[in-house]
Amino acid sequence: MSAGAEAPYDVVVLGGGSGGYACALRAAELGLRVVLVEKGKLGGTCLHVGCIPTKALLHAAEVADSAREGEKFGVKTTFESVDMAGVNAYKGGVVDRLYKGLQGLVKSRRIEYVEGEGRLADSRTVEVAGRRLEGRAIVLATGSTPKTLPGLEIGGRIMTSEQALQLDTVPPRVVVLGGGVIGVEFASVFRSFGSEVTIVEALPRLVAAEDESLSKQLERSFRKRGIAFRTGVRFSGATQSGDTVRVELEGGESIEADLLLVAVGRGPVTEGLGYEEAGVRLDRGYVATDERCRTGVEGVFAVGDIVPGLQLAHRGFAQGIFVAEEIAGLSPAVIEESGIPRVTYCDPEIASVGLTESQARERYGEVETYEYNLGGNGKSQILQTQGFVKLVREKDGPVVGVHMIGARMGEQVGEAQLIVNWDALPSDVAALVHAHPTQNEALGEAHLALAGKPLHAHS
Ligand SMILES: Cc1cc2nc3c(=O)[nH]c(=O)nc-3n(C[C@H](O)[C@H](O)[C@H](O)COP(=O)(O)OP(=O)(O)OC[C@H]3O[C@@H](n4cnc5c(N)ncnc54)[C@H](O)[C@@H]3O)c2cc1C
């Protein structure tokens with residue numbers, strides 16, 4: 001931009017995934033002039049190769065299990081097979097409808113949409129397809145991409161989640177490398193679809209970022225479901241030959257499979273985009289920001305998976321909205337990372353918010369915990385699911401962590417996040433009435449117990 005000239009846009013957003021499009025929508029709503037640059041499809045990872053298609057697969061998996069397990073409820077059903085063409089058509093239909101809706105939304109807010117691979121030319125300009133888009137503020141939202149391990153090349157029977165979403169048959173034997181969120185969700189789907197599944201995880205437990213109690217319960221449930229896992233074991237190599245892939249583990253063990261799913265995390269998309277040249281500081285590839293999503297370069301912000309922290313779509317939405325409001329001068333409240341809810345949609349589901357027990361001990365010293373077993377919850381018994389709600393509170397203080405596991409428990413995270421983010425005391429929640437019979441009652445019961453007046457629980 002020539003000195004003193006008016007920037008044609010208020011905001012230039014680079015990347016149209018959860019973080020970028022949320023920012024563009026909110027900025028436009030606030031009357032700002034916005035241009036959104038996207039090289040692939042509006043909606044990004046979450047809509048096209050992440051949250052939405054995987055949750056459609058998980059729902060199809062649940063339907064398969066229900067067909068298998070009808071007898072448990074006195075209903076005579078038989079499970080025949082999974083038709084991947086049908087599953088993919090269902091999944092694609094869900095994605096397409098949401099994609100169309102999102103495109104319509106962007107259009108209706110009068111956001112200028114530019115297709116093409118953008119690059120930060122300087123702290124005020126994004127270059128794309130021979131155009132220079134100049135803005136008063138720039139928002140970097142280029143997201144993330146699957147990682148692999150050194151020497152492990154993706155191709156053939158070695159896939160990441162992106163290729164695994166396009167399978168047209170169910171692989172009989174699958175090794176999942178990585179027992180984090182994406183790994184356990186795919187393991188759960190494959191098992192329900194009929195595959196033999198083995199998860200290999202270098203850390204000592206599955207879903208290692210969660211409270212230890214959740215890992216233990218998940219491992220118990222996976223064992224019952226026939227999902228094998230090796231934890232605390234390092235992968236050492238993989239070779240493909242003919243129709244199989246042989247996965248080698250340190251210590252000499254090897255596992256033969258038809259598919260190796262590499263789910264070892266996602267890395268930021270920041271290389272070669274002109275960020276560092278424009279003065280934006282990168283930290284191991286991620287964009288370093290302060291708590292207001294500022295990069296340190298005046299007028300340049302970053303949101304979503306390129307910012308270190310939880311890689312979740314709703315964190316991207318929240319940061320996108322925050323930055324739009326910041327640019328519009330509304331001084332929004334800072335987003336507390338530990339207050340962001342987390343759901344892992346495997347069977348059983350895991351949902352949590354706030355600090356794990358060990359994090360809380362580290363921060364507060366003395367803490368109190370309570371675990372309410374879903375065995376005492378009517379609706380969970382109707383669904384025939386096992387699990388619990390675990391509360392962590394600062395000694396004599398508010399609830400600082402809620403950790404839940406069991407079928408459909410992801411739906412309970414809404415109330416859990418209000419409790420943690422509003423610093424509720426167990427007695428505050430115990431005073432609220434929870435509808436019967438719902439799984440939501442389990443949250444109420446856990447707080448009743450922690451407040452010293454258990455109902456359907458032993459004191
Ligand atoms: C298998 C899987 C399952 C997931 N499930 C969940 C879930 O259930 N819940 C949840 O909250 N999160 C989930 N996630 C994570 C979620 O998808 C991400 O956190 C979210 O998409 C991040 O949003 P983002 O805007 O930062 O990045 P992205 O969604 O990756 O979007 C970035 C966009 O920028 C574009 N881009 C990149 N570089 C350029 C460039 N140079 N020029 C123009 N455009 C560019 C890309 O094409 C992309 O569209 C899942 C992810 C995966 C992979």
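Start by selecting Leu260 and, leaving aside neighbours within four places in sequence, look for what it contacts (C-beta atoms, placed from the backbone, within 7 Å): Arg157, Ile158, Val175, Leu177, Ala238, Val245 and Val247. This is a predicted model, where local features need pLDDT of at least 70, side-chain atom pairs count only at pLDDT 80 or more, and totals for chains, interfaces and linings use all residues. Residues are numbered from 1 along each chain as its sequence is written.

Colour by pLDDT next (the predictor's confidence in each residue, from 0 to 100). The protein chain has a mean of 97, with 98% of its residues at 70 or more. Residues 1–5 are below 50, and beyond near neighbours in sequence that stretch has four contacts in the model.

**The cores**

Back to Leu260: along with Val176, Leu177 and Leu261, it has the most contacts inside the largest nonpolar core, a set of 77 residues. (A nonpolar core joins buried Ala, Val, Leu, Ile, Met, Phe, Trp, Tyr and Cys residues through C-beta atoms within 7 Å; buried is 20 or more other C-beta atoms within 10 Å of a residue's own, exposed is 12 or fewer, and partly exposed is in between, with C-beta atoms placed from the backbone.) Helix α6 gives the most to this core, eight residues. Select Leu36, Val126, Tyr275 and Val300 to see part of a second, separate core of 52 residues.

Now pick α6, residues 181–193 (helices are DSSP runs of H or I with at least four residues, strands are runs of E with at least two, and both are numbered from the N terminus). (Axes are lines fitted to C-alpha atoms, for helices over the stretch in contact, and angles run from 0 to 180 degrees between N-to-C directions.) On the α3 side, the contact involves Thr54, Leu57, Leu58, Ala61, Ala64 and Asp65; on the α6 side, Glu185, Ser188, Val189, Ser192 and Phe193.

Zoom in on Glu185, which counts as buried because it has 23 C-beta neighbours inside 10 Å. Not counting residues up to four places away in sequence, Glu185 touches Thr54, Leu58, Thr344, Tyr345 and Cys346.

**The sheet**

From there, show the five strands of the open antiparallel sheet, in the order β20-β21-β24-β23-β22 (strands pair if DSSP finds at least two bridges between them). β20 (342–344) and β22 (367–373) are at the edges with a single partner each, so one side of each has no neighbour in the sheet. Twist averages 10° from one strand to the next.

Select β23, residues 388–394, which pairs with β22 over seven antiparallel bridges. On to β24, residues 399–406, which β23 meets over six antiparallel bridges; here Phe388 stands opposite Ile405. The two strands form a hairpin with four residues between them, and Asp396 in the turn has a positive phi of about 60°. Six of the seven residues of β23 are buried, so the strand is largely enclosed by the rest of the structure.

**Last stop: α13**

Finish with α13, residues 440–450, lying across β22 and β23 at about 135° to β22. Eleven of its eleven residues are buried, and they pack against β22, α10 (378–383), β23, α11 (413–421) and α12 (426–430). Just after α13, click Gly452, where phi is positive at about 90°.

Terms used
Two residues are in contact if their C-beta atoms, placed from the backbone, lie within 7 Å.
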